[in-house]
Amino acid sequence: MSKGPGLFVDIGKKAKDLLTRDYTSDQKFTVSTYTGAGVALTSTALKKGGLSTGDIAALYKYKNTQFDVKVDTDSNISTTLTFTEILPSTKTIASFKVPDYNSGKLEVQYFHDHATFTTTIGLNQTPGVDVTATIGTSAIAFGAEAGYDTTSGNFTKYTAGISVTKPDSCASIILGDKGDSIKVSYVHYLDQLKKSAAVGEISRRFSTNENTFTVGGAYAVDHLTLIKAKLNNHGRLGALLQHEVIPKSLLTISGELDTKALDKSPRFGLALALKP
């Protein structure tokens, strides 16, 4: 694909990943294996509160086609087919879930050196349509997103954003919720490998005059160990320790504490992902 501005979902993604990715208060265990035929098998067990769930996923790639299927303990089967370069500079993604036959979607992504476009259509009797467009370069990008309900004839969402990316930093502004919210984020990298970073995010909802300010960061202790932490103005503190036990196998221990709650008991999560 091109080295253009990226998709609209990439605007603000780096800050979001630093503040949310790998944070968990649940117990999760994942094992991945690869067969001789090139099929990747992943088994996941999750315990959330007193409820335990699990799933098995298979991923197979053949030339420009990727087939992904997942079966969970509730007998739901999720399937995703990804086709690359059916047409030049495009990616087509078809997904559906059984037994929810109304969950099918078809997405087409188009990449250009100075623009990207996506169109997503629901595969049901009353399909919704989502469209995104981004223009610019890998250094600066402007984008917009809109959702349209073909049944009611109303727009379900419209969002606009801008991002500025430099070798050691990234900033973004997103106006969302039909103009009711704004989110400003900034990430500054502290090393060349971009493993250590500081992040700040401010969001405001105009209808409720609610403001949320979050600061956080990640610090690479060494090439195997990563520490992350975050704190917002509502008193929610989160931290995690991630260590690569063996190559490509990660052990993550995370916790969260509401410092303003009457019950200040922290919640802890444990995630172990094993890959060959």
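Reader: How many helices and strands does the protein chain have?

Author: The model under discussion is predicted. Its secondary structure in the protein chain amounts to one helix and 19 strands.

Reader: Which radius of gyration does the protein chain have, and why does it agree with a compact globule?

Author: The C-alpha trace spans about 50 × 50 × 40 Å along its principal axes. A compact globule with 276 residues would have a radius of gyration near 19 Å, and the protein chain agrees with this, having 21 Å.

Reader: What share of the accessible surface belongs to carbon and sulfur atoms?

Author: Buried residues make up 28% of the 276 residues in the protein chain. The accessible surface comes to about 16,700 Å², and the share of carbon and sulfur atoms in this surface is 62%.

Reader: Which element gives the most residues to the largest nonpolar core?

Author: The largest nonpolar core has eight residues, namely Ala15, Leu18, Leu19, Val187, Tyr189, Ala197, Val199 and Ala218. Two or more of these residues come from each of helix H1 (13-20), strand E13 (181-189) and strand E14 (197-205). With three residues, the element that gives the most is H1.

Reader: Which residues are in contact with Ala197, leaving aside its neighbours within four places in sequence?

Author: Ala197 is itself a member of the largest nonpolar core. Leaving aside neighbours within four places in sequence, its contacts include the core members Leu18, Val187, Tyr189 and Ala218.

Reader: Which side chain of opposite charge is nearest to Glu201, and how far away is it?

Author: Glu201 is found in strand E14. Leaving aside neighbours within four places in sequence, Glu201 is in contact with Leu19, Lys183, Val184, Ser185, Thr212, Phe213 and Thr214. Glu201 is buried yet has no salt bridge, because such a bridge requires a side-chain nitrogen of Lys or Arg within 4 Å of a carboxyl oxygen. The nearest side chain of opposite charge, at 4.4 Å, is Lys183.

Reader: Is Ser52 buried or exposed, and what is its relative accessible area?

Author: Ser52 is found in strand E3 (residues 51-62). Leaving aside neighbours within four places in sequence, Ser52 is in contact with Leu46 and Lys47. The cut-off for an exposed residue is over 50% relative accessible area, so Ser52 counts as exposed, its value being 51%.

Reader: How far apart in space are Ser52 and Ile253?

Author: In sequence, Ser52 and Ile253 are 201 residues apart. From C-alpha to C-alpha, the separation of Ser52 and Ile253 in space is 19 Å.

Terms used. Residues are numbered from 1 along each chain as its sequence is written. This is a predicted model: local features need pLDDT of at least 70, side-chain atom pairs count only at pLDDT 80 or more; totals for chains, interfaces and linings use all residues. Side-chain values use heavy atoms; hydrogens and water are left out. A nonpolar core is a set of buried Ala, Val, Leu, Ile, Met, Phe, Trp, Tyr and Cys residues joined through side-chain atoms within 4.5 Å. Buried means under 20% relative accessible area, exposed over 50%, partly exposed in between (1.4 Å probe, protein chains only). Helices (H or I, at least four residues) and strands (E, at least two) are DSSP runs, numbered from the N terminus. Contact means heavy atoms within 4.5 Å. Lys and Arg count as positive and Asp and Glu as negative; His and the chain ends are not counted. The radius of gyration is taken over C-alpha atoms; the globule rule is 2.2 Å times the number of residues to the power 0.38. Accessible areas come from the Shrake-Rupley method with a 1.4 Å probe; for residues, only the protein chains shown count as cover.
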